[in-house]
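This report covers salt bridges, surface and pockets, in that order. Please keep the structure open while reading.

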Amino acid sequence: MTMRTYLSPIGYNSTSVTRTVLSHGVDGDDRIVLIRPTAETDTSRADEAINDVQRLLGEVQPEIAVTTERIPHDDFETAVVRCQELLQAAGGAVTVNLGGGARDILLPLMTAVLTEIQQIDSVLVFSDVDGKVREWELPTLSTTVSDTVYETLTAIAGADGEISIPQLTEATGRPKSTVARHVDLLEQNDAVAGRREGKTKRVSLTLTGQLVVNSE
């Protein structure tokens, strides 16, 4: 099984970390990286929260590694770069928790996640509203497509839900091979999601695709 690295901001509440990690599952060789600001108003409460994470997760997996990284809270650009470095250095499958911790750290982390989205396996969020853990599908904001591929994308966007390759061929007036190539490129850029239904491929728009269409 692939080793997983969890990256999570932490404030004074350990629940946003422990519940998120345990909902996804942990193994003995996984790593938990807790992100906290360089300066805190109440270090004793922060240390207590970290000790709680280490204790609870240690009871589940005694060999699990829990480490702490400090991020500057007063320089947004430096904080983003530091978060990028943490994401790039993370080993195995990477899961990021975007719930909990100081907003001064959460916003730079979110920005870094969007720039490094291709190497992130999953993004989890612990809700302050109902206490549930949800997985978020984040868009690939750097996606750009050519004019001809964009025409195929808008045809997919105009469909009511899924649309098949033959239907796209009819809608765009382009050869099936061209449409199939466009769809492959859009899938590679996370702009559409495809699935097989018998011998027919059907595709639908993702959040990335919606943002690309709406940005034009």
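Predicted model: local features only at pLDDT ≥ 70, side-chain atom pairs only at ≥ 80, totals over all residues.

How accessible is E69? Its relative accessible area is 24%, so E69 is partly exposed. R82 also counts as partly exposed, because its relative accessibility is 25%. The cut-offs behind these labels are under 20% for buried and over 50% for exposed, with partly exposed in between.

E162 pairs with R202 in a salt bridge. Their closest N and O atoms are 3.4 Å apart. This pair links distant parts of the chain, 40 residues apart. E162 lies in the loop between α5 and β7 (163-164), while R202 is in strand β9, residues 200-205. E162 counts as partly exposed at 29% relative accessibility. R202 has 18% relative accessibility and therefore counts as buried.

E187 and K201 form another salt bridge, with an N to O distance of 2.4 Å. E187 is in helix α7 (residues 176-188) and K201 is in strand β9, so this bridge ties together parts 14 residues apart in sequence. Is K201 buried or exposed? K201 is buried, because its relative accessible area is 15%.

How many salt bridges does a search of the whole structure find? The count is 15. Some residues are joined in a network: salt bridges link R36, E40, D47 and R70.

## A nonpolar surface patch

L141 is placed in the loop between β6 (133-136) and α5 (147-157). Why does L141 count as exposed? Its relative accessibility is 52%, and the exposed class requires over 50%.

## The largest pocket

The largest pocket has a volume of about 340 Å³. Its lining comprises 16 residues. Which of them lie nearest the centre? They are I117, E137, L138, T140 and D190.

Several elements contribute to the lining of the largest pocket. Strand β5 (122-126), strand β6 and helix α8 (207-215) each supply at least two residues. By class, this lining holds 7 nonpolar, 5 polar and 4 charged residues.

## The second largest pocket

The second largest pocket has a volume of about 200 Å³. Its lining includes N13, S16 and L98. The run G99, G100 and G101 also takes part. R103, L106, V125, F126 and D128 complete the lining.

Helix α4 (103-115) and strand β5 each give at least two residues to the lining of the second largest pocket. Strand β5 is likewise one of the elements that supply at least two residues to the largest pocket. What is the class make-up of the second largest pocket's lining? It has 4 nonpolar, 5 polar and 2 charged residues.

Conventions. Residues numbered from 1 in each chain as written. Heavy atoms only, no water. Helix = DSSP H or I, 4+ residues; strand = E, 2+ residues; numbered from the N terminus. Buried < 20%, exposed > 50% of the residue type's maximum accessible area, 1.4 Å probe, protein only. Salt bridge = Lys/Arg side-chain N within 4 Å of Asp/Glu carboxyl O. 1 Å grid on protein atoms, 1.4 Å probe; cavity = no way out; pocket = protein on both sides within 12 Å on 5 of 7 lines; lining within 4 Å. Points joined across faces, edges and corners; volume = space filled by probe spheres on them. Nonpolar A, V, L, I, M, F, W, Y, C, P; charged D, E, K, R; others polar.
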